[in-house]
Amino acid sequence: MTIEKIDTPQQMQRVEALAREIWQEHYTPIIGQAQVEYMLETFQTAAAMLRQLGEGYRYYLLKDDGEAVGYMAVRPESGQLFLSKFYVKAARRGRGYGRAALAFLTTLAAEQKLQKIVLTVNRNNTLALKAYAKLGFVNVGEVVQEIGKGFVMDDYKMEKRLP
């Protein structure tokens, strides 16, 4: 697997298409079609990514033999690396991409002298919760926040302390 930094409009359009594919399959049963569409349009378009890059986020494309298999977005904040997005195609899950991505993120955090990696995950996303726990993340609380149009993100906050 290779991890490619995303900074061109073409790469962002590829991630937008990848997000649509992954979110439709994975999140519709968890949060419903209406919220999936809202979140895709609000947070996962090329324009939204460009705006997020201006806010300090960094996007990365995960590739295997040249094929885009997933993506992630991070932002350093207050002594920690916030993993905002980490998504892998359904057919590619369980093949070690999470472990490889975590190794990459651990190095990235260490280079910036950050003490932990934090993320939020939907409390009903049992597959992700199990995967993060297996990677050493610990549930440290609940986060419920309104995101607009009457939709709410009902998440757990998880973190992994770094050596």
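The model is predicted, so local features require a pLDDT of at least 70 and side-chain atom pairs a pLDDT of 80 or more, while totals for chains, interfaces and linings use all residues. Residues are numbered from 1 along each chain as its sequence is written, and side-chain values use heavy atoms, with hydrogens and water left out.

The chain contains five helices and seven strands. Helices (H or I, at least four residues) and strands (E, at least two) are DSSP runs, numbered from the N terminus. Their order along the sequence is β-α-α-α-β-β-β-α-β-α-β-β. The C-alpha trace spans about 40 × 35 × 30 Å along its principal axes. The radius of gyration, taken over C-alpha atoms, is 15 Å, which agrees with the value near 15 Å for a compact globule of 163 residues. The globule rule used here is 2.2 Å times the number of residues to the power 0.38.

Of the 163 residues in the chain, 42% are buried. A residue is called buried under 20% relative accessible area, exposed over 50%, and partly exposed in between (1.4 Å probe, protein chains only). Contacts are defined by heavy atoms within 4.5 Å. Among the contacts with a separation of 6 or more, 57% are between residues 24 or more positions apart. The chain exposes about 8400 Å², and carbon and sulfur atoms supply 52% of this area. Accessible areas come from the Shrake-Rupley method with a 1.4 Å probe; for residues, only the protein chains shown count as cover.

There are 22 positive and 18 negative side chains, and the centres of the two sets lie 5 Å apart. Lys and Arg count as positive and Asp and Glu as negative, whereas His and the chain ends are not counted. Each charge is placed at NZ of Lys, CZ of Arg, CG of Asp or CD of Glu.

Seven aromatic pairs are present in the structure. Rings of Phe, Tyr and Trp (its six-membered ring) pair if their centres lie within 6.5 Å; planes under 30 degrees apart count as stacked, over 60 as edge-to-face and the rest as tilted. One of the pairs is formed by Tyr60 and Phe104, which are edge-to-face at 5.0 Å centre to centre, with 70° between the planes. Because Tyr60 lies in strand β2 (residues 58-64) and Phe104 in helix α4 (residues 97-111), this pair ties together parts that are 44 residues apart in sequence. Tyr60 is buried, at a relative accessible area of 5%, and Phe104 is partly exposed, at 26%. Tyr132 and Phe137 also form an edge-to-face pair, with 5.5 Å centre to centre and 70° between the planes. Both Tyr132 and Phe137 are buried.

Glu21 is located in helix α1 (residues 9-31) and is partly exposed, with a relative accessible area of 42%. Glu21 and Leu127 are 106 residues apart in sequence, and their C-alpha atoms are 17 Å apart in space.

Two lysines have a positive phi although neither is a glycine. For Lys113, phi is about 60°; this residue is in the loop between α4 and β5 (116-122) and is exposed, with a relative accessible area of 69%. For Lys149, phi is about 55°. Lys149 lies in the loop between β6 (138-148) and β7 (151-161) and is exposed, with a relative accessible area of 70%.
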